[in-house]
Amino acid sequence: MSRIFLVAEDLEKIYINGDDRVHALRSASLKLNKGEAVSIFGPSGSGKSTFLHLLGAFDRPTSGKVFFDGKDVFEMDDSELAEFRNREIGFVFQFHHLLPEFSALENVALPLLIAKIPRTEAFERANAVLVEVGLADRTDFLPVKLSGGEKQRVAVARALVHNPRLVLADEPTGNLDLETEREVMGVFTDLNDKLKVTFVIVSHNPIIKRFTDRQYNLIDGKM
Ligand SMILES: Nc1ncnc2c1ncn2[C@@H]1O[C@H](COP(=O)(O)OP(=O)(O)OP(=O)(O)O)[C@@H](O)[C@H]1O
Ligand SMILES: [Mg+2]
């Protein structure tokens, strides 16, 4: 039996900077069962990253709610929210955000070290996830020595290392060639099948549709 795992209800976001107001998200809703993978498409500026940031509790909505496994996420205070995010969410950013002075292994281990997991265990787990995404022989490389697809796979490994129940990916294959893109999507599909992780993937690329159970369009802040 499938059950509802994630609900976004009429999310609205207005960014206010001084006198400027940007109505980035007007009304975005979504319902996901556990283990589902969905993709969200839409033109540049339509609110996709904003929506994903709200789902991942990086930011609070102007109005609307998110329920995670039945829990009203934005009822939490900021420190509870940060703790929730670190435990439950894996985020692959639109631009991979790897730290240039750290190796692939260190980049992946970082979320565990921040969560105060002992170093040996953190590095063992990071290594295992890098093996999983096909980078066993690249663990000591600095990001600058990795190809675009390899960097994205490190970013995926980093998002998965703490076994989150929800993975949010913002254009994970944004600037990759076709072959590398298939590779990265293959990693997601595998993990989705094997671990029943729930995925929300934002993209411009119609090829992603093949890899997800359902597709949404976000246009002008409306889902
Ligand atoms: N921090 C912010 N302050 C003010 N406006 C913002 C902020 N972040 C995003 N916006 C605006 O909100 C709108 C939606 O932005 P968002 O990044 O969600 O779009 P997107 O769909 O992810 O676009 P892209 O496909 O180009 O990544 C845009 O008009 C953007 O300029
Ligand atoms: Mg974006």
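1. Let me begin at the ligand. A polar side-chain atom of Asn 17 sits 3.4 Å from a nitrogen atom of ligand 1; a polar contact here is a pair of N or O atoms within 3.5 Å. Thr 50 has a side-chain N or O atom 2.6 Å from an oxygen atom of ligand 1, and for His 204 the corresponding distance to a ligand oxygen is 3.4 Å. On its own, ligand 1 exposes 640 Å², and the protein buries 65% of that (accessible areas by the Shrake-Rupley method with a 1.4 Å probe).

2. A word on the ground rules. This is a predicted model, in which local features need pLDDT of at least 70 and side-chain atom pairs pLDDT 80 or more, while totals for chains, interfaces and linings use all residues. Side-chain values use heavy atoms, without hydrogens or water, residues are numbered from 1 along each chain as its sequence is written, and chains are lettered from A and ligands numbered from 1 in the order written.

3. Which residues come nearest to ligand 1? Of the 15 around it, they are Ser 44, Gly 45, Lys 48, Ser 49 and Thr 50 (near means a heavy atom within 4 Å). Helix H1 (48–55) gives the largest share of the shell, three residues, and strands E1 (4–17) and E2 (20–33) each supply at least two. Helices (H or I, at least four residues) and strands (E, at least two) are DSSP runs numbered from the N terminus.

4. E1 and E2 also belong to an open, antiparallel sheet of four strands, ordered E2-E1-E4-E5; strands count as paired if DSSP finds at least two bridges between them. E2 and E5 (71–72) are at the edges with a single partner strand each, so one side of each has no neighbour in the sheet. Ten bridges join E1 and E2, and Ala 8 stands opposite Leu 30 in E2. H1 packs on this sheet, touching E1, E2 and E4 (63–68) (contact means heavy atoms within 4.5 Å).

5. The other open sheet I would look at has five strands in parallel pairing, in the order E6-E7-E8-E3-E9. Its edge strands are E6 (89–92) and E9 (214–217), each pairing on one side only. E3 (residues 37–41) and E8 (residues 198–203) pair over five bridges, with Ile 201 in E8 as the bridge partner of Ser 39. Helix H6 (residues 178–195) packs on the sheet and touches E3, E6, E7 and E8.

Methods. Axes are lines fitted to C-alpha atoms, for helices over the stretch in contact, and angles run from 0 to 180 degrees between N-to-C directions. A polar contact is a pair of N or O atoms within 3.5 Å; within protein, one must be able to donate a hydrogen and the other to accept it, and residues adjacent in sequence count only if both atoms are side-chain atoms.
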